[in-house]
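The following paragraphs lead the reader through a single structure. Please keep the sequence and the three-dimensional view at hand while reading.

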Amino acid sequence: MSEGTVSVLMVCHGNICRSTMAQQLLTQMVLNAPGGSPVKKIVKIDSCGTSREELGNSPDPGTQKALQNHGFPPLNHRARQFDVNTDTQFDYILTMDNANFKNVQRLLQGTGSKAKVEMLGSYDPKKQKVISDPWAGSDRVFEECYQHIYRGLEGFLKTEFAEH
């Protein structure tokens, strides 16, 4: 990234539920931030999975429905896997659970990446560090996931982009 700009990568298992939801939410939060806000430094937001399981698939219908319930348009996204050739260049890599965190740490070994790798839930004011995978869950489970991600992203922005 160029000087003064920031990139953020969201990572979950398959890239069809949590990370795509987080990508969409953070994108909207950046767009809605007032001009001059430090949040506007975020110029690149992406998501991926650590698994090949869902490669090329669209977001889970539960993810789409949860986002649409909050006024988001349908996502035009295809699941992709973490790529050590390009994803190591992100400034922040936010994972959803312990397995994602460990997988990303392993993938980054020997790459020289300077990314700050954190679990998104570590920014949750309710201290719920693990954002559970809602895959195959009910509408309520996806809504709870949405709320958890939203809280984590708010905490992330307040912690990492506070005006000084």
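A search of the whole structure finds zero disulfides, a disulfide being a pair of cysteine sulfur atoms within 2.5 Å. In general terms, such a link is a covalent bond between the sulfur atoms of two cysteines.

The model is a predicted one, in which local features need pLDDT of at least 70 and side-chain atom pairs count only at pLDDT 80 or more, while totals for chains, interfaces and linings use all residues. Residues are numbered from 1 along each chain as its sequence is written, and side-chain values use heavy atoms, with hydrogens and water left out.

The description now turns to the strands. Helices (H or I, at least four residues) and strands (E, at least two) are DSSP runs, numbered from the N terminus. In strand 1, residues 6-12, seven of the seven residues are buried. In a regular strand the side chains alternate between the two faces of the sheet. Both faces of strand 1 are covered, with V6, V8, M10 and C12 buried on one side and S7, L9 and V11 buried on the other.

Strand 1 pairs in the parallel sense with strand 2 (residues 42-49) over seven bridges; two strands pair if DSSP finds at least two bridges between them. Within strand 2, S47 is the bridge partner of M10, and G49 is that of C12. From strand 1 the chain passes through helix 1 (residues 18-32) to strand 2, a β-α-β crossover that is right-handed: with the strands pointing away from the viewer, the path from the first strand over the helix to the second runs clockwise. Strand 1 is also joined by four bridges to strand 3 (residues 92-95), and these two strands run parallel. In strand 3, I93 stands opposite L9.

Helix 2 spans residues 61-69, and its buried residues are G62, T63, Q64, A66 and L67. These buried residues pack against helix 1 and helix 4 (139-160), contact meaning heavy atoms within 4.5 Å. At the N-terminal end, D60 caps helix 2, with a side-chain oxygen 2.7 Å from the backbone nitrogen of G62. Just after helix 2, G71 takes a positive phi of about 90°.

What joins these elements in the interior? Of the 35 residues in the largest nonpolar core, V8, M21, L26, I42, L120, I149 and F156 touch the most other members. A nonpolar core is a set of buried Ala, Val, Leu, Ile, Met, Phe, Trp, Tyr and Cys residues joined through side-chain atoms within 4.5 Å. Strand 1, helix 1, strand 2, helix 2, strand 3 and helix 4 each supply at least two residues of this core, and the largest share, seven residues, comes from helix 4.

Note on methods. Buried means under 20% relative accessible area, exposed over 50%, partly exposed in between (1.4 Å probe, protein chains only). A polar contact is a pair of N or O atoms within 3.5 Å; within protein, one must be able to donate a hydrogen and the other to accept it, and residues adjacent in sequence count only if both atoms are side-chain atoms.
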